[in-house]
Amino acid sequence: MQIFHNPVHDKHAGRQEMFRGKLVPCHETPARLEYVLDALRQRRIGDLLAPSAADLDLIKRVHTPRYVDFLASAWRDWVALDPANADIDILPSVWPVRGFRHDIEPTNFAARVGLFSFDSGCPLTAGTWEAATVGAACAIDAARAITTSGGPRAAMALTRPPGHHAGADFFGGYCFLNNAALAAQALREAGAARVAILDVDYHHGNGTQSIFYERGDVLTVSVHGDPTTEYPFFLGYADERGQGAGEGANLNLPLAAGTGFAAWTDALEQGLAAIRAFKADALVIALGVDTYEGDPISKFKLKSADYLQVGRLLASLGLPAVFTMEGGYAVADVGINVANVLEGYAG
Ligand code: Q9C
Ligand code: ZN
């Protein structure tokens with residue numbers, strides 16, 4: 001497996017997130033990725049590669065140009081307001097909910113941040129744009145690698161910040177650019193007629209779902225905590241099946257908090273069956289390991305050894321595949337759990 005890792009991921013290092021009424025240290029930290037890199041190196045899993053330059057045109061076919069331009073200039077705009085802002089992260093605090101207009105971009109900076117985001121747990125920092133775009137390049141390179149003749153059968157975008165909560169024009173849930181969606185789009189443009197995205201992160205992949213909701217060429221499947229109690233709350237129900245050309249091309253498999261590996265596997269098998277029935281030519285796996293029993297913000301009960309079996313089940317599809325790195329916040333165990341998936345996958 002080729003593993004495109006983001007050498008500047010640590011430029012995205014948020015200080016604090018709003019969590020249960022308090023500002024607390026960010027859960028989504030640079031150390032997470034370093035643990036994965038250490039585990040892969042120690043166990044000699046995959047070949048580590050640096051990405052090429054990001055394809056901004058492709059990024060703007062997945063995200064709106066207005067949003068991409070906002071992200072690219074947000075830090076500059078923030079510091080221009082007050083030089084003292086250089087030591088303060090940007091956190092959203094106001095949003096246009098029902099009945100507000102989304103077709104006008106306000107000039108006020110806080111209002112622009114709110115227009116392009118959906119929660120207050122996701123700081124935008126000095127290095128966010130650089131880390132996110134190099135991460136996007138990892139995802140696009142991984143897709144292009146597996147579609148190159150003589151290329152590997154599977155590749156990974158080992159990057160942070162994660163991506164699956166980011167929509168066409170919003171950030172949130174620690175995500176800014178949707179790496180899984182970018183990989184799927186790159187696969188489509190490299191000739192895969194039908195692409196499936198399978199999201200196994202604890203949280204529903206709301207951004208990915210919304211990007212492809214009206215498209216029939218990309219099947220989105222997500223196994224996740226039931227949104228009636230679990231983040232991101234406002235999407236991820238079983239009755240969301242896609243719309244228009246995308247009718248039937250979205251499958252949500254919500255599970256109650258507390259779910260263990262046996263019931264989780266049953267749901268995953270349903271997702272795999274849907275991908276087989278869709279006759280996908282290529283697969284993107286949004287790999288979050290916050291389904292782990294030790295995760296501090298999630299409530300499934302998978303054990304480290306279970307991730308070997310997760311990898312085997314994913315491999316059973318027999319499709320060329322791109323993995324993207326999503327959540328997982330039991331920092332010291334993220335490396336073992338991701339390495340186990342990849343080892344199980346390699347067989
Ligand atoms: N009170 C990913 O795993 N915070 N994002 C939850 C609950 C947001 C997780 C707060 C969790 C986002 C990529
Ligand atoms: Zn998650």
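This is a predicted model: local features need pLDDT of at least 70, side-chain atom pairs count only at pLDDT 80 or more; totals for chains, interfaces and linings use all residues.
1. Helices (H or I, at least four residues) and strands (E, at least two) are taken here as DSSP runs, numbered from the N terminus. On that basis, Pro 161 falls in the loop between E5 and helix H6 (179–189).

2. An unreviewed UniProt entry annotates residues 28–343 as "domain: Histone deacetylase". In the model this span is 39% helix and 12% strand, and its end C-alpha atoms lie 24 Å apart.

3. An open sheet is formed by eight strands with parallel pairing, in the order E4-E1-E5-E10-E9-E6-E7-E8. Strand E4 (47–49) and strand E8 (250–255) each have a single partner strand and stand at the edges, so one side of each lacks a neighbour in the sheet. From one strand to the next, the twist averages 15 degrees. Strands E1 (residues 2–5) and E5 (residues 154–158) run parallel and are joined by four bridges, with Gln 2 opposite Ala 155 in E5.

4. Strand E7 (residues 218–225) pairs with E8 in the parallel sense over six bridges, and Thr 220 stands opposite Asn 250.

5. Nonpolar core. The largest nonpolar core has 105 residues, of which Ala 142, Ala 183 and Val 322 touch the most other members. Helix H5 (residues 128–146) supplies the largest share of this core, 13 residues. Leaving aside residues up to four places away in sequence, Ala 142 touches Gln 2, Phe 4, Ala 155, Met 156, Ala 157, Ala 183 and Val 322.

6. Helix H10. This helix (residues 331–346) has 16 residues and reaches 24 Å from its first C-alpha to its last, close to the 22 Å expected at 1.5 Å a residue. Its buried residues include Val 334, Val 338, Val 341, Leu 342 and Tyr 345. Among the elements covering the buried residues of H10 are helix H1 (30–42), E5, strand E9 (282–287) and helix H9 (306–315). Just after H10, Gly 347 takes a positive phi of about 75 degrees.

7. Most residues other than glycine have a negative phi, and most peptide bonds are trans.

8. Which residue other than glycine has a phi near 65 degrees? Phe 233 has this positive value, and its place is in the loop between E7 and E8. Phe 233 is partly exposed, with 15 other C-beta atoms within 10 Å. Lys 279, not a glycine either, has a positive phi of about 60 degrees and is located in the loop between helix H8 (261–278) and E9. Because 10 other C-beta atoms lie within 10 Å of Lys 279, this residue is classed as exposed.

Key
Residues are numbered from 1 along each chain as its sequence is written. Chains are lettered from A and ligands numbered from 1 in the order in which they are written. UniProt positions are given in the numbering used here, feature names are shortened, and annotations may be inferred rather than shown by experiment. Two strands pair if DSSP finds at least two bridges between them. Axes are lines fitted to C-alpha atoms, for helices over the stretch in contact, and angles run from 0 to 180 degrees between N-to-C directions. The expected span of a helix is 1.5 Å times one less than its number of residues. A residue is buried if 20 or more other C-beta atoms lie within 10 Å of its own, exposed if 12 or fewer, and partly exposed in between; C-beta atoms are placed from the backbone. Two residues are in contact if their C-beta atoms, placed from the backbone, lie within 7 Å. A nonpolar core is a set of buried Ala, Val, Leu, Ile, Met, Phe, Trp, Tyr and Cys residues joined through C-beta atoms within 7 Å.
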